[in-house]
Amino acid sequence: MMVSKRHSRQPARVGRSGQAGEASVPLYGFQPPVGTPYGLEVSTVEDFFAEHDDWPWNPPRPGRATFHYLILVTEGELLHDVDHVTRTVAGGQWLWVRPGHAQCWHPPGAVRGLFILFEPDVLTSDAARLLAPLTAHEAPAVLSPHPDDADWLRQTALQLLDEHRALGRRRLDVHHALRRSLLESLLLRLANSPDVTTTGATEDGTGRRDTYARFVDALELHFRELHRAADYAELLGCSVRTLSRAARDAVGKGVREVIDQRRLLEARRLLGGAGWDARTVAQNLGFTDPANFGRFFRGHTGLTPAAFAAREAGPGM
């Protein structure tokens, strides 16, 4: 089993239908098989599904992870829900599920491909800085590489798989260094995909920018249960003032506004594409009272949750 289930602080109880129920929306931590070094694992899609035929797609149920899922589809067509939207991944395309994304698996069918799981801290600091546009939560879930890069990426992924399976052939530190080097090379080339928008936002490697990047990572994992700037400052080991300055420098917004915008984004996704009712969305996002959620949502959108959901459903739905 390459991941273990654990729960974040007081997660909402959500059933398969999206209503409050016995099943919870879990947060999965990285736990590779015994003997696998460090936070990186490489497999094939078919092997992964064969080894876990009853989890977590039978029956399909939502979950989140603290690590990255990166899948190259080589044959067939993969369906996968990312942030409550069903994505279709065709042959030659890559699916990227980032830490904190809500996801739900579909039955695999005849899909074949390469499956890479890695924790954020596997990357060196320099690589992480260069890859920030690609690892950001809002980066595209489905990537179509530049035609000049497609075969190179596939071959590099195969080399990474081969090195991952070569445990014991070399010293452990050399083995891991090779795996990390191949992973970073692959990701840096994948960042050349036309889908990825590169900005100058990551060129400044100052402490404030690093603080904001760590805040965004923490927010993706905890926005359902942590809603105050002080919560995140404590989590990051800095002062509220330092965190506030970092947010202002990075995006021109206060920490509370960034937190509220992330909760609002999730509310829109759940009320719209996922079709959840307002009470269940309120529970999922940590509101103690559905009325408070209604005021929050209307204050930001000008619509009640019910009116927004009806608008998203459209005529005849």
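Tyr 232 touches Phe 215, Ala 218, Leu 219, His 222, Phe 223, Leu 226, His 227, Leu 243 and Ile 259, residues up to four places away in sequence not being counted; contact here means heavy atoms within 4.5 Å. The model is predicted, so that local features need pLDDT of at least 70 and side-chain atom pairs pLDDT 80 or more, while totals for chains, interfaces and linings use all residues. Residues are numbered from 1 along each chain as its sequence is written, and side-chain values use heavy atoms, without hydrogens and water.

Tyr 232 is also, with Phe 215, Val 281 and Phe 293, among the residues with the most contacts inside the largest nonpolar core, which has 29 residues. Such a core is a set of buried Ala, Val, Leu, Ile, Met, Phe, Trp, Tyr and Cys residues joined through side-chain atoms within 4.5 Å, buried meaning under 20% relative accessible area with a 1.4 Å probe, protein chains only. A second, separate core of 25 residues includes Leu 72, Trp 96, Ala 127 and Ala 157.

Aromatic rings form a further theme. The whole structure holds 16 aromatic pairs, counted for rings of Phe, Tyr and Trp (its six-membered ring) with centres within 6.5 Å; planes under 30 degrees apart are stacked, over 60 edge-to-face and the rest tilted. Phe 30 and Phe 67 are an edge-to-face pair, 5.3 Å centre to centre with 80° between the planes. Both Phe 30 and Phe 67 are buried. One aromatic cluster unites Phe 30, Phe 48, Phe 49, Phe 67, Tyr 69, Trp 105 and Phe 115.

Conventions
Buried < 20%, exposed > 50% of the residue type's maximum accessible area, 1.4 Å probe, protein only.
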